[in-house]
Amino acid sequence: KEFIGYLNADAKMIISKAIPINKLIAEHTMFPQYARFIPSDKKIAALRLLGEGSTDPHHVFTILIRNPNSEWMRYCPLCASEDREKYGETYWHRSHQIRNVNICPKHKCHLINSSVSIRNESAFSFYPAQTTVRDADVIYSQNELEHRFTDYCAELVAAPISLQKTTPISSILYKAMTDTPHMKSTGKSRYTKRFYEDITDFYSCINLQNQITFTQIQRALLGSLAEFTTITQIAFFLGITVDELINPKISEAEIIEEQESHYMRGSAPVDWAQ
């Protein structure tokens, strides 16, 4: 449901006359959510494979297990009403399907779970929003932090995605942690436990579907995880703007400094089994 699925030759030809398949994937599916922070070569490969309709998205992206409340396509009742008035029918909105976003970025009301499962199926089916989305009570969120975090995630997903060589996300996070209580002044050590406790407390008032874990923080800071919900929680907490994530001003020397900070020097032999 988050992507396109298999298209036969006739369908692909008809769609391509209206919009190139790669543009369709980049601008009208959840591709930016899963591909935003991965290396450019993996972005390009994922775009090609998804365009061919020959791969399971789980094979090209890190897609976290869903909790029971995030297994359904979602919608905003106010957006649905506006769509029907403007277009004669409603449609699925990409911004309503973003992981960890529970309210409509436009109206700041809680999203409604539809009856359409977002999980993969053995056969492809078409679920028009117009025949699925029902009227529902509008419940507004009064949580200002949730408003700002929702806008942050929605802006990231909506922003154009570059296929050019990008700065490693771990370097962006490292630079943002410099001169904070979560890193030694030398830049060689991060207080990861304290960072985890602080970030958990920070988001405790938001009912996140995928609350960040200690292991995810470790992997993200060491450059082995570039998953959207993990990175957005860390980046928003550190005050990194969307523009700084998309267009970081980081030199090659700063990237090297971050990479070298991962190595332990002058320490006793490590018992890796322990």
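**Packing of helices around H10**

Helix H10 is followed by Gly223, a residue whose phi is positive, near 85°. The description below rests on a predicted model.

H10 itself spans residues 214-221, and its buried residues are Gln216, Ile217, Ala220 and Leu221. These residues lie on the same side of H10, because they cover an arc of only 125° around the axis. Such a pattern can be related to helix geometry: an α-helix has 3.6 residues a turn, so residues three or four places apart point the same way.

Two packed helices are described by the angle between their axes and the distance between the axes. For H9 and H10 the angle is about 120°, and the axes are 10 Å apart. H9 is therefore oblique to H10, since an angle counts as roughly perpendicular only from 65 to 115 degrees and as roughly antiparallel only over 145. The two helices cross in a right-handed sense. On the H9 side, the contact is made by Thr192, Lys193, Phe195, Tyr196 and Ile199, and these meet Phe214, Ile217 and Gln218 of H10. By residue class, the contact of H9 with H10 comprises five nonpolar residues, two polar and one charged.

Thr192 is found in helix H9. With a relative accessible area of 16%, Thr192 is buried, because the cut-off for burial is under 20%. When neighbours within four places in sequence are left aside, the residues in contact with Thr192 are Phe214, Ile217 and Gln218.

Helix H8 comprises residues 169-177 and helix H11 residues 228-238; the angle between them is about 25°, and their axes are 10 Å apart. H8 and H11 are therefore roughly parallel to each other, as angles under 35 degrees fall in that class. H8 passes H11 in a left-handed crossing. In this pair, Ile169, Leu173, Ala176 and Met177 of H8 meet Ile231, Ile234, Ala235 and Leu238 of H11. The contact of H8 with H11 consists of eight nonpolar residues, with no polar and no charged residues.

Methods
Residues are numbered from 1 along each chain as its sequence is written. This is a predicted model: local features need pLDDT of at least 70, side-chain atom pairs count only at pLDDT 80 or more; totals for chains, interfaces and linings use all residues. Side-chain values use heavy atoms; hydrogens and water are left out. Axes are lines fitted to C-alpha atoms, for helices over the stretch in contact, and angles run from 0 to 180 degrees between N-to-C directions. Helices (H or I, at least four residues) and strands (E, at least two) are DSSP runs, numbered from the N terminus. A crossing is left-handed if the near helix is turned anticlockwise from the far one by less than a right angle, and right-handed if clockwise. Contact means heavy atoms within 4.5 Å. Ala, Val, Leu, Ile, Met, Phe, Trp, Tyr, Cys and Pro count as nonpolar, Asp, Glu, Lys and Arg as charged, and the others, Gly among them, as polar. Buried means under 20% relative accessible area, exposed over 50%, partly exposed in between (1.4 Å probe, protein chains only). The arc is that of the directions from the helix axis to the C-beta atoms.
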